[in-house]
Amino acid sequence: MLLDGKAPLPGQVMTFPNLAKTFRALAEHGKDGFYKGRSKGGVMELEDLAKHASDFVEPLKYTYRGEVTIMRVFQCPPNGQGSTIAVKYGVN
């Protein structure tokens, strides 16, 4: 997310016209417009998107107890980054 090849300064406005077009298409045509619509310039073909299915799984649950805080963390299991957060916080 660079502006003319450089990181934006605080308060500098950035626009994303292609992302705006994608959001408009989603609002107008729903998920079928995205998954079965026209792909442009990506590495996936329309068929790849149309065949995609998500699995809803039980999240990993960790409880972290710091000196002052107690935090409960929910993450996706592998092949996600759930185990990474556990290592980061030293969760058992």
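Tyr62 is buried, with a relative accessible area of 16%, where buried means under 20% relative accessible area, exposed over 50% and partly exposed in between (1.4 Å probe, protein chains only). This is a predicted model, in which local features need pLDDT of at least 70 and side-chain atom pairs count only at pLDDT 80 or more, while totals for chains, interfaces and linings use all residues. Residues are numbered from 1 along each chain as its sequence is written, and side-chain values use heavy atoms, with hydrogens and water left out.

**Overall make-up and confidence**

- The protein chain contains three helices and two strands, which are DSSP runs numbered from the N terminus (helices are H or I with at least four residues, strands are E with at least two).
- Followed along the sequence, these elements of the protein chain come in the pattern α-α-β-β-α.
- The average pLDDT of the protein chain is 75, and 73% of the residues score at least 70; pLDDT is the predictor's confidence in each residue, from 0 to 100.
- Within the protein chain, confidence is highest in H1, at a mean of 79, and lowest in helix H3 (residues 82-89), at 68.

**Burial, contacts and surface**

- Of the 92 residues in the protein chain, 9% are buried.
- Among the contacts in the protein chain with a separation of 6 or more, 9% are accounted for by residues 24 or more positions apart, a contact being heavy atoms within 4.5 Å.
- The protein chain exposes about 8,500 Å², of which carbon and sulfur atoms supply 55%; accessible areas come from the Shrake-Rupley method with a 1.4 Å probe, and for residues only the protein chains shown count as cover.

- Tyr62 has its place in strand E1 (residues 60-65), and its C-alpha atom is separated by 5.7 Å from that of Arg72, ten residues apart along the chain.
- Leu49 belongs to helix H2 (residues 46-51) and counts as buried at 14% relative accessibility.
- Between the C-alpha atoms of Leu49 and Asp32, which are 17 residues apart along the chain, the separation is 9.9 Å.

**A nonpolar surface patch**

- Met1, Phe16, Leu19, Phe23 and Leu26 make a nonpolar surface patch of about 530 Å².
- Patches are made of residues with over 30% relative accessible area and no salt bridge, with like charges joined within 9 Å and nonpolar side chains (Val, Leu, Ile, Met, Phe, Trp, Tyr) within 5 Å; a salt bridge is a side-chain nitrogen of Lys or Arg within 4 Å of a carboxyl oxygen of Asp or Glu.
- Leu26 lies in helix H1 and counts as partly exposed, at 32% relative accessibility.
- Phe16 is found in the segment before H1 and also counts as partly exposed, at 37% relative accessibility.
- Phe16 and Met1 are 15 residues apart along the chain, and their C-alpha atoms are separated by 9.6 Å.

**An exposed residue with a positive phi**

- Asp4 is found in the segment before helix H1 (17-35), and although Asp4 is not a glycine, it has a positive phi of about 55°.
- With a relative accessible area of 78%, Asp4 is exposed.
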